Amino acid sequence: MTREPISLQDLRRRIYAKAKAEPSWRFWGLYVHVCKRETLREAYRLAKQNDGSPGLDGVTFAAIEGQGVDGFLEQIRDELLAGTYRPLGNRRKEIPKGGGKVRVLGIPSIRDRVVQGALKLILEAIFEADFQPGSYGYRPKRSAHQAVERVSRAIIAGKTRVIDVDLSAFFDNVRHHLLLEQVARRVNDAEVMRLLKMMLKATGKQGVPQGGVISPLLSNIYLNAVDQMLERAIAVTRRGPITQLEYARYADDLVILVAGGQGGEAMLAQVHRRLLEELAKLQVTVNEDKTRIVDLTQSTESFGFLGFDFRRVRSRRGRWYPRRTPKMAKRTALLHKLKGIFRSLRSQPVKWIVERINPILRGWVQYFGVGHATRCFAFVRRWVEQKLRRHLMRARKRRGFGWKRWSSPILYHRLGLFHDYRVSWRLATTNALPAT
């Protein structure tokens, strides 16, 4: 009797169900699923969907498509099965962060992206069963907006003391031996562990590269112990349906909110101490200069999370609510990016500028249009209109902004400039991050 081959989707569902039902189970026989043609094909599809620049080998998706995807994937599969696969190093790319600082991305080759993606497809099904409700970063069916909503609900519920945590260069300092130990608690497959170890060693002696396909999953595995500690704290301090503590984490961005009132200060200190203890076990350093304890009952105090600035304000009806606005640094970064496009296309037709800036504006507004961004959006809209009008007047060798000559209907309807700056009070479920 021959069995029908199980699809990748069904396999992942079964692995997840097993992991959820038996939290101490160690999975074996996983490597064969990593090497399956269907797994590699899906990993390639996801890599191509995300596009991205080539790695150290310079091979592009266009080159792979030209020579044949099937042959490309078959060669990877043969190397994996023969045990001869070796990952290349990552191409370093610096991304400006503002303030003169840069974020260094590690760009793997497309070949390595496919292998990382295949391993992620299998391991993710296991560890998703272990991840906690307060973790939102780079997880299926979870988003940054949901994390923002969780924080907002906590503020409404009276959790006004906030630990705004800043981890020092987290991705660069992940200890490989500790990460491998955490994975091995759930994975009893020597070939999978060997493959993962090779991937980590290709990045250096420690750390996981920002830009690697599997890096977000590995970072969530690494910090899951912190989430578990916070979930235990929530359970211990619960009083019936009322909780005294809440948290939200998106990758290395973490905030903890504690109820004010009697006992709040003691609980805040205890949670802070336990957090430092748990992070010390992982050899993760907290940036003491940027980690802040905020009291939202003070009208002057606020904290940042996922690009939003949170503060607690009173409505006209006397109710307290969280006010979410785009951080000034995010608005500045957006305008700086747009200014660079206007400058680089100074002598080009206006339609080229509109085509370039529209997707940026659309993504930025979709992300930040979930709170109290009306004033910020009005500023951005007015700034873009002025820059575009100035470009049009300069093209005709005239001064000024041409307010009468280039009316808003002409900019938005004839030239097609993005104009949907609506603000929604209902949070969307997009996984997008600020386009800055």
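The following dialogue discusses how to read several features of a predicted model.

Trainee: How is a pair of aromatic rings described?

Mentor: A pair of aromatic rings is described by how far apart the centres are and by the angle of the planes. This predicted model holds 14 aromatic pairs. In one of them, Phe303 and Phe310 are stacked, with 5.1 Å centre to centre and 10° between the planes.

Trainee: Is Phe303 buried or exposed, and is Phe310 buried or exposed?

Mentor: A residue counts as buried when its relative accessible area is under 20%. Phe303 is buried because its relative accessibility is 1%. Phe310 is buried as well, because its relative accessibility is 0%.

Trainee: Which residues form one aromatic cluster?

Mentor: One aromatic cluster is made up of Phe308, Trp364, Tyr367, Phe368, Phe377, Phe418 and Tyr421.

Trainee: Which residue lies over the face of Tyr136, and which lies over the face of Phe379?

Mentor: Over the face of Tyr136 lies Arg142, at 4.8 Å from the ring centre. Over the face of Phe379 lies Arg331, and here the distance from the ring centre is 3.8 Å.

Trainee: How many bridges join strand β8 to β9?

Mentor: Strand β8, residues 308-314, is joined to β9 by 7 bridges, and the two run antiparallel.

Trainee: What is the order of the strands in the open sheet of 4 strands?

Mentor: That sheet has the order β4-β5-β3-β6, with antiparallel pairing. Its edge strands are β4 (245-250) and β6 (292-295), each pairing on one side only. Neighbouring strands of this sheet are turned by 15° against each other on average, direction ignored. Between β4 and strand β5 (residues 253-258) there are 6 bridges in the antiparallel sense; Glu246, for instance, has Leu257 in β5 as its bridge partner.

Trainee: Which helices pack on the sheet, touching β4 and β5?

Mentor: Helix α7 (residues 144-156) packs there, touching β4 and β5, and its direction makes about 160° with that of β4. Helix α10 (residues 215-236) also packs on the sheet and touches β4 and β5; the direction of α10 makes about 170° with that of β4.

Trainee: Which residues of the largest nonpolar core touch the most other members?

Mentor: Leu195 and Phe303 do, in a core of 130 residues. Helix α6 (residues 110-127) gives the most to this core, with 11 residues. Leaving aside neighbours within four places in sequence, Leu195 is in contact with Tyr31, Val34, Leu80, Tyr85, Val115 and Leu119.

Trainee: Where is the place of Ser109, and is Ser109 buried or exposed?

Mentor: Ser109 is found in the loop between β2 (101-107) and α6. Ser109 counts as buried because its relative accessibility is 0%. Its contacts, apart from neighbours within four places in sequence, are with Gly55, Asp57 and Leu88.

Conventions. Residues are numbered from 1 along each chain as its sequence is written. This is a predicted model: local features need pLDDT of at least 70, side-chain atom pairs count only at pLDDT 80 or more; totals for chains, interfaces and linings use all residues. Side-chain values use heavy atoms; hydrogens and water are left out. Rings of Phe, Tyr and Trp (its six-membered ring) pair if their centres lie within 6.5 Å; planes under 30 degrees apart count as stacked, over 60 as edge-to-face and the rest as tilted. Buried means under 20% relative accessible area, exposed over 50%, partly exposed in between (1.4 Å probe, protein chains only). A charge sits over a ring if NZ of Lys or CZ of Arg is within 6 Å of the ring centre and within 35 degrees of the ring normal. Two strands pair if DSSP finds at least two bridges between them. A nonpolar core is a set of buried Ala, Val, Leu, Ile, Met, Phe, Trp, Tyr and Cys residues joined through side-chain atoms within 4.5 Å. Contact means heavy atoms within 4.5 Å. Axes are lines fitted to C-alpha atoms, for helices over the stretch in contact, and angles run from 0 to 180 degrees between N-to-C directions.
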